Amino acid sequence: MPTRDDDEHGIETTPDEVTAQDADGVDTADDAAADTTATTDAGDGIGEDGQDKPAWYRRVRWWGWILIAVAAVIVAFVGTVGTQALLVKHHEEAAIAVVKDAVKKNRLNDLDGVVADVQRQTRAARDITDGGLWSFTEKIPGIKGSMRVVRMMTDVVDDMAQDTAPKFVDVAQRIDVKSIYKNGRINVEPIMQALPELDTAAQSLQHYTEELNKIPEPGIGIVANTLNSSRGMLDKANGYLQEGVHEFAPKLPEWLGYDGKQTYAILAMTPDEMRASGGLIGAVGTVTIDDGKIEIGDFTSNTKFSGYKITARNLSEDEYRLYKEEGPMRLNYDLRDIANSPDNVRVAEYFKDIWDQTAMGKHTELDGVILADPLMVQGLVKVLGDVTLPDGTVLDGTNTADFLLNTAYKEYAPEDTDAMFGTVAKSCVKRLMGDLQMGKMASLVSEMHTLAHDRHLSVYSFDPTMQQILWSLGMTSTVPLNEARPEIGIYITENNPSKIGWYIKRSTKITQLDCGEEGPAKYHVEYTIRNTMTDEESKTLPPYITGVRAEYPDSHGTSFEKIMFMPPAGGTMSNFEVSGNGADPVADSLNFRLIYTTMTQVQPESTVTYSFDVTVSPDATTKLGVDETPTTSSKPDVTYTKLCRVQ
């Protein structure tokens with residue numbers, strides 16, 4: 001029987017212990033008390049009141065031990081399942097790493113080995129999710145749906161690795177890469193012969209893409225995010241492949257000139273005399289593709305190509321008013337001025353109208369237009385090797401733009417500079433067609449993509465299917481159109497006929513204003529134009545560089561810039577302020593887009609700064625960017641002084 005002291009110490013003795021008897025009918029209460037005393041002597045401690053206190057495990061009731069045991073089992077089970085989930089993740093990531101490593105280490109000549117490595121990883125992941133423990137988790141309320149989704153995902157990924165990947169390998173191994181390019185000509189026949197097998201592989205990928213999209217939405221967030229991310233990547237890859245097989249590949253014979261010669265015009269721009277898309281067009285060359293053979297023709301000076309009497313007749317009302325009527329320098333929109341639209345689709349349309357009026361255009365269909373400046377030519381030289389001019393001047397990947405944009409105007413007659421551009425471009429393309437190495441091609445593609453992003457290169461095709469590819473690759477420059485990726489447009493038209501653009505340095509500083517606030521992001525922008533020409537240079541450099549305006553006899557070396565500011569798609573500009581010799585921007589329109597226009601004069605050794613606020617679209621998902629008339633540097637000077645953390 002418990003004592004009063006036992007009750008005070010909280011030791012519970014059940015009635016069963018008081019009356020319990022052993023199998024022989026003997027009262028065991030005293031034995032139980034003796035056991036308790038012994039245990040206390042062995043492991044109990046002293047309480048705060050000085051009395052004996054049982055050890056912790058003696059104070060746990062019987063049902064507590066059951067809970068501890070169940071918890072231990074749950075922890076062990078969760079740990080095991082968690083470990084398996086991590087292993088599944090590891091194997092899937094390892095499969096992706098195999099492909100990335102194969103590309104990085106140029107292991108693509110061992111495609112069978114690459115696919116085998118991928119298959120081992122995806123099969124290992126599938127073996128885990130097909131196991132008994134994983135099947136058991138699919139019966140547990142709360143997580144069973146998500147665990148089933150993981151298993152279904154690993155099944156689809158493994159099926160693709162085992163079924164789809166080998167089909168693509170078969171196609172790749174069937175095409176003899178060396179036979180595609182021979183004797184300076186691209187042979188399309190091996191690709192066309194492989195189209196049926198490529199179509200079979202594409203159908204397989206389409207099937208598994210549909211299977212992945214049929215998987216139900218899981219309840220666990222991290223699994224749902226993984227599923228949606230996988231769907232997005234696979235949908236994108238499948239979309240590209242289906243387009244490639246069913247839309248693009250069948251048109252290869254046409255694009256490579258097997259169904260008739262293809263002709264593209266190359267418009268050589270000079271950012272020295274700025275126009276919105278790049279610069280004044282100094283010369284025109286052609287690229288022809290005939291039965292797979294690519295050739296670049298001679299570059300013709302703008303004066304000899306069409307003269308100043310043939311002009312673009314398809315200007316919009318806004319374009320005509322802003323740049324042909326209002327001035328101060330009224331553009332003629334002959335060949336020299338057509339790069340003045342920030343939308344290169346319009347530039348291509350201007351040029352086609354001029355082309356069709358020439359003797360050449362009346363007999364030759366124009367398939368596309370390429371805009372290129374000396375920075376693009378420098379990119380070619382950088383990848384394909386140095387070029388030596390007839391006078392012995394060596395141009396490399398660092399000095400080509402400097403030479404073509406400034407040195408040549410100081411040391412050669414103006415008509416010679418146009419020929420130099422063509423000489424370097426032709427030399428580079430000749431090398432490219434004579435040495436189509438995959439590594440060199442990859443470097444060139446990367447270089448051209450970067451140059452296109454910064455408007456040193458732009459390509460437009462009048463073939464809608466080809467243009468679809470160019471849009472997807474970002475190879476055609478246009479005004480800001482994407483609300484999710486906001487950009488402000490800043491486009492310049494130089495109104496002082498000169499080559500002063502080399503000395504004009506432009507920079508943009510962007511500060512985010514609304515950290516912690518809800519709603520569309522807000523930014524403060526400072527756009528600075530600095531004329532680095534010295535007073536001495538403005539007096540000693542050739543007038544062809546410094547510019548001469550009869551109405552402004554003291555304007556040598558002064559930049560007269562008409563500037564267009566365009567808000568981001570779905571956004572606004574406000575609160576314009578000017579420091580320096582510039583006018584406040586005023587609202588106007590260009591082809592149904594709100595713009596702000598202004599005029600500034602930037603004398604030698606002086607600076608003008610425009611500051612304003614920008615609010616982007618509520619749908620924006622990236623920081624504010626800048627799309628501007630290309631500079632004489634490879635990249636625009638844009639700095640961020642403050643950006644809010646992404647929520």
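Mentor: N575 lies in strand β17, residues 572-579. Keep in mind that this is a predicted model.

Trainee: What makes the phi of N575 worth a remark?

Mentor: Phi of N575 is near 60°. That is a positive value, and the residue is not glycine.

Trainee: Is N575 buried or exposed, and how do you know?

Mentor: Relative accessibility of N575 is 54%. Exposed means over 50%, so N575 counts as exposed.

Trainee: Where does N591 lie, and what is its phi near?

Mentor: N591 sits in the loop between β18 (586-590) and β19 (593-602). Its phi is near 50°, again a positive value in a residue other than glycine.

Trainee: Why is N591 called partly exposed?

Mentor: The relative accessible area of N591 is 29%. Buried needs under 20% and exposed needs over 50%, so N591 falls in between.

Trainee: Now the cysteines. What makes C515 and C644 a disulfide?

Mentor: Their sulfur atoms are 1.9 Å apart. The cut-off is within 2.5 Å, so the pair qualifies. By this rule the count comes to 1 disulfide.

Trainee: Which parts does the pair of C515 and C644 tie together?

Mentor: C515 lies in the loop between β14 (504-512) and β15 (522-531). C644 is in the segment after β22 (637-642). The pair therefore ties together parts that are 129 residues apart in sequence.

Trainee: Why is the disulfide of C515 and C644 called left-handed?

Mentor: Look at the torsion about the S-S bond. For C515 and C644 the torsion is about -95°, so the disulfide is left-handed.

Trainee: How do you know whether C515 and C644 are buried or partly exposed?

Mentor: C515 has a relative accessible area of 34%, so it is partly exposed. C644 has 17%, under the 20% cut-off, so it is buried. C428 also counts as buried, at 1% relative accessibility.

Trainee: How many aromatic pairs are there?

Mentor: A search of the whole structure finds 15.

Trainee: Why is the pair of F248 and W255 called tilted?

Mentor: The ring centres of F248 and W255 are 6.4 Å apart, within the 6.5 Å limit, so the rings pair. Their planes stand at 40°. Stacked is under 30 degrees and edge-to-face is over 60, so this pair is tilted. Both F248 and W255 are buried.

Trainee: What makes F565 and Y610 a tilted pair?

Mentor: Apply the test again. The centres of F565 and Y610 are 5.5 Å apart and the planes are at 55°, so the pair is tilted. F565 lies in strand β16 (residues 559-566) and Y610 in strand β20 (residues 607-615), so the pair ties together parts that are 45 residues apart in sequence. Both F565 and Y610 are buried.

Trainee: Which residues line the largest cavity?

Mentor: L322, Y323, G327, M329, L331, T493, N495 and K562. They divide into 4 nonpolar, 3 polar and 1 charged.

Note on methods:
Residues are numbered from 1 along each chain as its sequence is written. This is a predicted model: local features need pLDDT of at least 70, side-chain atom pairs count only at pLDDT 80 or more; totals for chains, interfaces and linings use all residues. Side-chain values use heavy atoms; hydrogens and water are left out. Helices (H or I, at least four residues) and strands (E, at least two) are DSSP runs, numbered from the N terminus. Buried means under 20% relative accessible area, exposed over 50%, partly exposed in between (1.4 Å probe, protein chains only). Rings of Phe, Tyr and Trp (its six-membered ring) pair if their centres lie within 6.5 Å; planes under 30 degrees apart count as stacked, over 60 as edge-to-face and the rest as tilted. On a 1 Å grid over the protein atoms alone, a cavity is a set of points where a 1.4 Å probe fits but cannot get out, and a pocket is an open set with protein on both sides within 12 Å along at least five of seven lines; lining residues have an atom within 4 Å of a point. Ala, Val, Leu, Ile, Met, Phe, Trp, Tyr, Cys and Pro count as nonpolar, Asp, Glu, Lys and Arg as charged, and the others, Gly among them, as polar.
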